[in-house]
Amino acid sequence: MPDRIAVIDFETTGMSPAQGARPTEIGVAMIEGGRIVARYQSLMNAGAWVPPFIEQLTGISNAMVRSAPPVAQVMAEAAEFIGEAPLLAHNAAFDSKFWDAELGQLGRRRSRDFACSLLLSRRLLPEAPSHKLGNLNSWVGLPSTGQAHRALADAEMAANLTLHLQALLWERHDIRADHDYLCGLQKLSAAKVRALLRASV
């Protein structure tokens, strides 16, 4: 059975820690054995101001962040919750920057690559009209997980999508797609993925 994977999502004050953005919320959905087996969610206070357009997008206000636990506490809890599980996010290029930056504040480093359900969906579901997470999940017919642009709802959406992609690989190609396999697959071109999957039919 494919290994345990921690699917994470951040809500933040901006696009990049390099530009001073900080997280306001983290959600983690742990998948194992074809289902979500555990969840973690918390708002966090990193002392950062939430711009109005971000508040409108996420529904997370400055007042909510001010009353949230300190960022160091939340990140330590999230890291303990995840343990040694490998990581995945939808558009991992975004979430991995915040994970690495905030772990770095605690003197920690991750040991494994991020898998990315956005890259994987582009390779395995190229016919999808959109690869934005909510649009993709609706197109596939996966269940609603709650309010979009809230961390746990988005983490659960990405987790359900990942389980769907793993199931496709197993049912159509007899491939048990663990985290290492997914990381390798997302690095291939779409043409190479098509050739690989044709060979496995």
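Predicted model: local features only at pLDDT ≥ 70, side-chain atom pairs only at ≥ 80, totals over all residues.
Two strands count as paired if DSSP finds at least two bridges between them.

Strands of a sheet pair through backbone hydrogen bonds, either parallel or antiparallel. In this model, five strands form an open sheet in the order β3-β2-β1-β4-β5, and the pairing is mixed. The edge strands are β3 and β5 (114-116), each of which pairs on one side only. From one strand to the next, the twist averages 25 degrees.

Two helices pack on this sheet. Helix α4 (residues 92-105) touches β1, β2, β4 (87-89) and β5, and its direction makes about 85 degrees with that of β1. Helix α5 (residues 117-124) touches β4 and β5, and its direction makes about 40 degrees with that of β5.

**Strand β2 and its partners**

Strand β2 spans residues 23-32, and nine of its ten residues are buried. Which strands does β2 pair with, and through how many bridges? Strand β1 (residues 5-12) is joined to β2 by eight bridges, and the two run antiparallel. Within this pairing, V7 stands opposite A29 of β2. Strand β3 (residues 35-43) is likewise joined to β2 by eight bridges, again in an antiparallel arrangement. Here G27 has Q41 in β3 as its bridge partner. Strands β2 and β3 form a hairpin with two residues between the strands, and in this hairpin G33 takes a positive phi near 60 degrees.

**A residue in helix α2**

V65 lies in helix α2 (residues 62-66). Is V65 buried or exposed? Its relative accessible area is 3%, so V65 is buried, the limit being under 20%. Leaving aside residues up to four places away in sequence, V65 touches T24, M44, N45, A48, V50 and I60. V65 and E25 are 40 residues apart in sequence, yet their C-alpha atoms are 8.5 Å apart in space.

**Helices α7 and α8**

Two packed helices are described by the angle between their axes and the distance between the axes. The axes of helix α7 (residues 151-173) and helix α8 (residues 179-186) come within 12 Å and cross at roughly 90 degrees. Angles of 65 to 115 degrees count as roughly perpendicular, and α7 and α8 are therefore roughly perpendicular to each other. At their contact, T162, Q166 and L169 of α7 meet Y181, L182 and L185 of α8. By class, this contact of α7 with α8 has four nonpolar, two polar and no charged residues.

**Cysteines**

A disulfide is a covalent bond between the sulfur atoms of two cysteines. How many disulfides does a search of the whole structure find? The search finds zero. The table gives values for two cysteines.

| Cysteine | Closest cysteine sulfur | Relative accessible area |
|---|---|---|
| C116 | C183, 9.7 Å | 4% |
| C183 | C116, 9.7 Å | 7% |

How values were computed:
Residues numbered from 1 in each chain as written. Heavy atoms only, no water. Buried < 20%, exposed > 50% of the residue type's maximum accessible area, 1.4 Å probe, protein only. Helix = DSSP H or I, 4+ residues; strand = E, 2+ residues; numbered from the N terminus. Axes fitted to C-alpha atoms, helices over the stretch in contact; angles between N-to-C directions. Parallel < 35°, antiparallel > 145°, perpendicular 65-115°, else oblique. Contact = heavy atoms within 4.5 Å. Nonpolar A, V, L, I, M, F, W, Y, C, P; charged D, E, K, R; others polar. Disulfide = S-S within 2.5 Å.
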